[in-house]
Amino acid sequence: MRKKTLALLALLSVLCLALSGCVTSPPDSLMRAEPADASALVDAQVDTLPGNEASAALYFRYGTSAYLAPEQRQITIEKNESPEKALVKALVAGPSASASALSPLFPPGTEVLAVSGQGDTLYVTFNEALLGRYSDEPGDTSADAWKREFPLRRQLCMDSLAATLTEAGYCVRVQVLVYREVSSATSLRLTNSFFSQDGDTTPISPLTRDEETLLTPHNAASLVLTAWMTQDWDTLYSLLKKDDPASPRPAGQAAFAAFAAARTAQK
């Protein structure tokens with residue numbers, strides 16, 4: 001019986017979507033004083049543009065999970081625009097229509113105002129819409145589900161920014177700045193209240209790549225096993241390999257029935 005269980009889990013792992021990212025090891029911490037006003041927010045140099053297109057991996061949320069997965073895209077770089085800014089703009093715009101398993105992470109209306117660099121750090125400035133609510137968020141987020149979801153999607157938003165820029169090789173860390181036209185603030189740096197709504201005005205540290213949030217083969221296998229043990233068929237089905245005309249995955253209800261039957265046979 002144990003051999004049958006191991007074989008079944010191995011089969012599910014083979015079918016699951018396994019996505020990976022590159023590891024970047026940050027050197028010693030690098031900090032600088034932030035620009036004093038909006039007039040100092042100058043984009044990175046554009047005299048070494050690689051052309052009008054570049055291939056890059058953009059990280060988005062995988063469904064409603066707590067993980068990020070990459071979408072390989074051709075990014076259009078406008079004239080006199082740095083590739084770093086073009087990449088962040090594409091990330092803010094969200095995944096392509098064909099990447100149905102991926103979800104956007106930036107609040108509506110978010111815009112990239114500037115991207116500048118110094119050493120291994122990129123300074124990315126957004127407009128104040130970054131601090132707004134997502135379109136599906138209720139006015140009252142005190143319910144248990146939203147107590148988890150509110151900070152999670154914002155943490156994934158920042159993690160996606162760091163993962164995308166570090167994988168492209170543009171930096172090791174990212175400092176997020178917000179130009180506030182309406183509210184007043186003593187610093188342009190994003191603060192901890194972005195994640196918690198608790199009024200904490202402590203500026204966040206520069207972002208670094210967090211491999212634990214990426215849907216690597218190890219994390220994908222963990223998701224599969226957890227979904228199997230908890231009989232979370234929706235999550236398990238979302239992880240099955242798809243977009244393969246030669247061997248398409250079964251329809252949802254048929255897959256759920258097969259999962260349930262296999263689990264019953266396991267006992």
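1. A charge is taken to sit over a ring if NZ of Lys or CZ of Arg is within 6 Å of the ring centre and within 35 degrees of the ring normal. On that criterion, the charged end of R153 sits over the ring of Y134, 4.7 Å from its centre. The charged end of R154 is likewise placed over the ring of F150, at 3.6 Å from the centre.

2. The model is predicted: local features need pLDDT of at least 70 and side-chain atom pairs pLDDT 80 or more, whereas totals for chains, interfaces and linings use all residues. Residues are numbered from 1 along each chain as its sequence is written, and side-chain values use heavy atoms, with hydrogens and water left out.

3. Buried denotes under 20% relative accessible area, with a 1.4 Å probe and protein chains only.

4. Leaving aside neighbours within four places in sequence, L161 is in contact (heavy atoms within 4.5 Å) with V88, L91, F126, V174, V176 and L207.

5. Two aromatic pairs are found in the whole structure; rings of Phe, Tyr and Trp (its six-membered ring) pair if their centres lie within 6.5 Å, with planes under 30 degrees apart counted as stacked, over 60 as edge-to-face and the rest as tilted. F106 and F126 form a tilted pair, 5.6 Å centre to centre with 40 degrees between the planes. Both residues are buried.

6. The ring centres of F194 and F195 are 5.1 Å apart and the planes stand at 80 degrees, so this pair is edge-to-face. F194 and F195 are both buried.

How values were computed. Buried means under 20% relative accessible area, exposed over 50%, partly exposed in between (1.4 Å probe, protein chains only).
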